[in-house]
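Dear colleague,

Please find the structure below, handed over for your own reading. My findings follow directly after it.

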Amino acid sequence: MDMSSKKEMIFTGIPAAPGIAFGQAFVVNIDDLPVTAEPVEKNRVEDEIARLESALKQTGEELSGLHSALAAEMGEEHAKILDSHIMLIADELMKTDTIQIIRSDKVNAAYAFSRVIDKTLRAFDQMEDQYLKERAEDIRDVKKRVIRNLFGQKVEGLANLRREAVVVAHNLTPADTVGFRKKFVKAFVSDMGGSTSHAAIIARSMGIPAVVGLDEISSHVKPYDKLIVDGISGQVILHPKEDTVALYQQAQERFLEMEEELLTIKDYPAVTLDGRTIELSANIETIDEVEDIKSHGAKGVGLFRTEYFFITRGTLPGEEEQYRYYSEVVKNVAPDPVLFRTLDIGGDKIAAWVDDTQEENPFMGWRGIRFTLSRKDIFRTQLRALYRAAVFGKVRIMFPMVSVVEEVRQAMDICREVQEDLEREKYQFDHNVETGIMIETPSAVAMADVLAKEVDFFSIGSNDLVQYALAVDRGNSRISYLYSPMHPAILRFINDTARAAHDNNIWVGLCGEMVADARVRGTLLLIGLGLDEFSASAYLIPEIKKIIRSVTYDETKFMVKMALKKATATEVVELIDRFIEEKRPELKELIPKGPG
Ligand code: PEP
Ligand code: MG
């Protein structure tokens, strides 16, 4: 099939991880693949028939395998539900009808097969009988299986990915994304999602370009279709023309050159022109990312999302397993610190071993510290492993999703008890681990002066803070226009938090995606807001360093003062763009742009 004959299509979504990638699609969880008529050359007709026969054979084997597995697990009686599928796939008439269409109309097997099946289904749809209606469902299922096999892709999805590809999905869970093999996944695109949904965050950490919130791309793309993914502007091009490919190749070159140039300053200090130093650390989810911290010049880890260790396992990891894992991370990052956040399960991060996770409103539900305080066994085990691992370097511990002060007090009590237990049991552990909380709910901001007296530090979680403060689901592309860390409401919240922290002599950082999402503009504001530490995906560290080293704290402080008085996010963006234009034009080149 000649790809170049297909019409180029452009989809626009939300840029989720920068970079430009070219590749062939791997479509995940395909339910109803769009089947269109493709002409088949006269001399390829017999090949097409052979493809059909092999797909039917493969489907038959798949179904028999399923039948045996079901019979072994549930008994022969249950396996009977597959009998009609198996009979259907062996139906000679269906096969000869399909072959006849391929021969006479010179069309692809998938289309010919769909025509035969759809005709049968239309007949079934006329019938009232419940039994026959169920048989119609069986026919639909067989159709999907055969068509998937014709496209050369098995049902299981991502686990089968063994070639370089652009992953296309309706939606991806954090667990899907963390399982990506970087070697194969060149980019990913999805119908759902926002720039701070966890799948996007993982793509950023892995340096894989991504575009989310594309609405319906997964229903247009078929396996092996050619795609360009522009994670900078948020455009995805299906069946790109030659000159489009050339244009994006140039954009990719520019992007890579810029990244390379930024890397040359990775080991310089993160200090403003007037001498204010900001600690720059990295957000990571797995031990595999430790290398990236060093290669990008981050000073340790400012957010280790420990929940990924839990959600990628079918069972709950015990103390020794966690201890070994955390120790490895601490040793590899030492002498720089690792800030471990205790389990932030819930929301979109679901672990297979937690029962009862069905909630009407998971982001407002059993999440973060609420979960660990109601499952103290899990909490204590994790804390024990962390205190023990801390002897290998410098560890900080942080609690997520705090909304009331009692949660912090309870958590601190548990930390004390855990340390007493370890002492009594004669374990080696670090007695001086700093303990802090995330500020990511509006109530935590309002109570920041009280909370600051309970802990050693704050780290602002802008991803959730924006979601809860503006009442906008961080993963919902439909209302993503409201999701803005540049909104004056958010800036006021950060400003209040920083002031409460400093009045109480504790340090305050930010580990949300505000610097990644709002890039140069977000970073400039955060410098002026007086934060002591930023933690972001490792690949962003050189860029943030460059921004910090290009401005004075004083001028950004002045800009923040004006931004806090603005009425809208757009006005804030305009203010910053004017600042860049007039005062620091060299920063303009860092604002992400697409091709052209
Ligand atoms: C945040 O909410 O900003 C944050 C860093 O935590 P997460 O993205 O894991 O919810
Ligand atoms: Mg959060």
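In this predicted model, a polar backbone atom of Gly461 lies 3.4 Å from an oxygen atom of ligand 1. Glu440 places a polar side-chain atom 2.9 Å from an oxygen atom of ligand 1, and for Arg367 the distance from a side-chain N or O atom to a ligand oxygen is 3.5 Å. How much of ligand 1 does the protein bury? On its own the ligand exposes 290 Å², and 100% of that area is buried by the protein. The surroundings of ligand 1 comprise 17 residues. Gly461 is among the closest of them, together with Arg305, Arg341, Asn463 and Arg474.

I turn next to a pair of helices. Two packed helices are described by the angle between their axes and the distance between those axes. Here, helix α12, formed by residues 319-333, packs against helix α14, formed by residues 376-389, at an angle of about 40 degrees. Their axes are 8 Å apart, and the crossing is right-handed. On the α12 side, the contact is made by Glu319, Glu320, Gln322, Tyr323, Tyr326, Ser327 and Val330. The α14 side contributes Thr381, Gln382, Arg384, Ala385, Leu386, Arg388 and Ala389. Sorted by class, the residues of this contact are 6 nonpolar, 4 polar and 4 charged.

The loop between α12 and β11 (337-341) contains Pro335. The peptide bond that leads from Ala334 to Pro335 is cis, and its omega is near 10 degrees. The other point concerns Lys426, in the loop between α15 (405-424) and β13 (434-439). What is the phi of Lys426? The angle is near 60 degrees, a positive value in a residue other than glycine.

With kind regards

Key: Residues are numbered from 1 along each chain as its sequence is written. Chains are lettered from A and ligands numbered from 1 in the order in which they are written. This is a predicted model: local features need pLDDT of at least 70, side-chain atom pairs count only at pLDDT 80 or more; totals for chains, interfaces and linings use all residues. Side-chain values use heavy atoms; hydrogens and water are left out. Axes are lines fitted to C-alpha atoms, for helices over the stretch in contact, and angles run from 0 to 180 degrees between N-to-C directions. Helices (H or I, at least four residues) and strands (E, at least two) are DSSP runs, numbered from the N terminus. A crossing is left-handed if the near helix is turned anticlockwise from the far one by less than a right angle, and right-handed if clockwise. Contact means heavy atoms within 4.5 Å. Ala, Val, Leu, Ile, Met, Phe, Trp, Tyr, Cys and Pro count as nonpolar, Asp, Glu, Lys and Arg as charged, and the others, Gly among them, as polar. A residue is near a molecule or strand if one of its heavy atoms lies within 4 Å of it. A polar contact is a pair of N or O atoms within 3.5 Å; within protein, one must be able to donate a hydrogen and the other to accept it, and residues adjacent in sequence count only if both atoms are side-chain atoms. Accessible areas come from the Shrake-Rupley method with a 1.4 Å probe; for residues, only the protein chains shown count as cover.
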